[in-house]
Amino acid sequence: MSKVTMAKSHLIGLVGDEDTCTAFLLGGIGELNNAREPNFLVVKKDTTIGEIESSLRKLLARKDIGILLINQHIANDVRHIIDGHTAAIPAVLEIPSKEHPYDSSKDSILRRAKGMFSVDEMR
């Protein structure tokens with residue numbers, strides 16, 4: 001009898017504004033780990049930068065999260081943490097929000113990718 005091994009699945013983590021979190025939670029990404037910690041943070045007007053930093057560090061340290069989505073306007077406030085994150089997993093992806101358009105010049109992944117290739121290779 002052959003032995004089949006299953007790859008360990010990972011969750012999607014989220015740090016976003018209320019509209020973004022509502023949409024993703026309705027899509028089914030919300031989970032609690034064994035310690036009853038959610039895989040998301042809803043950033044409201046009264047959420048402090050310290051609270052965002054603390055939650056982001058916790059989400060980045062979790063072994064069950066494979067991708068971490070963060071609204072770009074929130075990522076700008078904690079850019080030092082995102083730029084310091086060099087591990088492949090969880091991958092940190094910056095996404096737009098309803099009120100704030102996406103700015104590719106601020107995206108940490110695109111900045112890293114541009115550094116890997118010369119202009120001539122992109123043609």
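## Contacts and model

A contact means heavy atoms within 4.5 Å. Among contacts in the protein chain between residues at least 6 apart in sequence, 64% join residues at least 24 apart.

This is a predicted model, in which local features need pLDDT of at least 70, side-chain atom pairs count only at pLDDT 80 or more, and totals for chains, interfaces and linings use all residues. Residues are numbered from 1 along each chain as its sequence is written, and side-chain values use heavy atoms, leaving out hydrogens and water.

## Fold

The protein chain has 5 helices and 4 strands. These are DSSP runs numbered from the N terminus: helices are H or I, at least four residues, and strands are E, at least two. Along the sequence the pattern reads β-α-β-α-β-α-α-β-α.

## Cores

Of the 123 residues, 33% count as buried, meaning under 20% relative accessible area (1.4 Å probe, protein chains only). A nonpolar core joins buried Ala, Val, Leu, Ile, Met, Phe, Trp, Tyr and Cys residues through side-chain atoms within 4.5 Å.

The largest nonpolar core has 16 residues. Those with the most contacts inside it include Val 15, Ile 52 and Leu 68. Helix α2 (49-61) is among the elements that each supply at least two residues of this core. The largest share, 4 residues, comes from α2. Another core, of 5 residues, lies apart from it; Leu 14 and Cys 21 are among its members.

## Surface

The protein chain exposes about 8300 Å² (Shrake-Rupley method, 1.4 Å probe). Carbon and sulfur atoms supply 57% of that area.

Notes:
Buried means under 20% relative accessible area, exposed over 50%, partly exposed in between (1.4 Å probe, protein chains only).
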